[in-house]
Amino acid sequence: MNLHIRPYTEKDIPAILAIINDNILHSTSLYDYEPRTLEKQTALLAEKSAKNFPVIIAEMDGEIAGFGMYGEFRFRDAYRFTVEHSVYVSSAFKGKGVGGQLLQSLIELAKKQGLHTMIGVIDAENTESILFHEKYGFKTVGVIKESGFKFGRWLDSVFMQRML
């Protein structure tokens with residue numbers, strides 16, 4: 001299989017939306033309750049681009065296999081060298097190295113932009129994602145207990161960090 005990482009374009013937004021909404025509805029990867037609309041997702045991606053934050057696509061054999069991005073961690077000037085990232089892979093492409101290629105590409109882009117650290121916020125039940133991040137040099141730096149409520153239960157948020 002041929003995997004290609006590239007910047008997103010507007011034609012990718014429906015595929016991005018499908019991946020996001022699948023995660024909203026069936027996982028604790030996102031703490032959203034309601035699926036996003038095309039308009040809302042388009043606006044979120046446009047905001048990332050306007051702030052010079054990357055949104056990248058993993059394309060495998062002509063299909064959108066996943067996407068990744070990063071953006072502001074916090075909104076104060078002193079945090080401008082720290083970003084929070086997200087990587088999402090279509091369920092049809094999990095286990096094929098897509099997530100790793102996306103994360104490695106985001107790390108390289110962050111280095112090129114002169115950033116200092118990347119943060120991942122992961123649901124504590126998502127041990128697969130925690131182990132995945134550890135593989136790419138992220139360390140757990142904190143846990144916020146019962147910070148989210150979804151699917152009828154309280155969820156803990158694991159903060160993971162990688163120094164660039």
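**View 1. Helix H2 and its end.** The expected span of a helix is 1.5 Å times one less than its number of residues. Helices (H or I, at least four residues) and strands (E, at least two) are DSSP runs, numbered from the N terminus. H2 has 13 residues and spans 18 Å from first to last C-alpha, close to the 18 Å expected at 1.5 Å a residue. Just after H2, Asn52 takes a positive phi of about 65°. This is a predicted model, in which local features need pLDDT of at least 70 and side-chain atom pairs count only at pLDDT 80 or more, while totals for chains, interfaces and linings use all residues. Residues are numbered from 1 along each chain as its sequence is written, and side-chain values use heavy atoms, with hydrogens and water left out.

**View 2. H1 packs on H2.** Helix H1 (residues 13-26) and helix H2 (residues 38-50) pack at an angle of about 105°, their axes 10 Å apart. Axes are lines fitted to C-alpha atoms, for helices over the stretch in contact; angles run from 0 to 180 degrees between N-to-C directions. H1 is therefore roughly perpendicular to H2 (65 to 115 degrees). Ile13, Pro14, Ile16, Leu17 and Ile20 of H1 meet Leu38, Gln41, Thr42 and Leu45 of H2. Contact means heavy atoms within 4.5 Å. Seven of these residues are nonpolar, two polar and none charged. Nonpolar covers Ala, Val, Leu, Ile, Met, Phe, Trp, Tyr, Cys and Pro; charged covers Asp, Glu, Lys and Arg; the others, Gly among them, are polar.

**View 3. Strand S2, covered on both faces.** Six of the six residues of S2 (residues 55-60) are buried, so the strand is largely enclosed by the rest of the structure. Buried means under 20% relative accessible area (1.4 Å probe, protein chains only). Val55, Ile57 and Glu59 lie on one side, and Ile56, Ala58 and Met60 on the other.

**View 4. Partners of S2.** S1 (residues 3-7) runs antiparallel to S2, joined by five bridges. Ile5 has Ala58 as its bridge partner. Six bridges join S2 to S3 (residues 63-72), also antiparallel. Here Ile56 partners Gly68. The S2 and S3 hairpin has two residues between the strands, and Asp61 takes a positive phi near 50°.

**View 5. The open sheet.** Seven strands form the order S1-S2-S3-S4-S5-S7-S6, with mixed pairing. Strands pair if DSSP finds at least two bridges between them. S1 and S6 (139-150) are the edge strands, each pairing on one side only. H1 lies across S2, S3, S4 (82-89) and S6, at about 75° to S3. H2 lies across S2 and S3, at about 55° to S3.

Technical notes
Parallel < 35°, antiparallel > 145°, perpendicular 65-115°, else oblique. Buried < 20%, exposed > 50% of the residue type's maximum accessible area, 1.4 Å probe, protein only.
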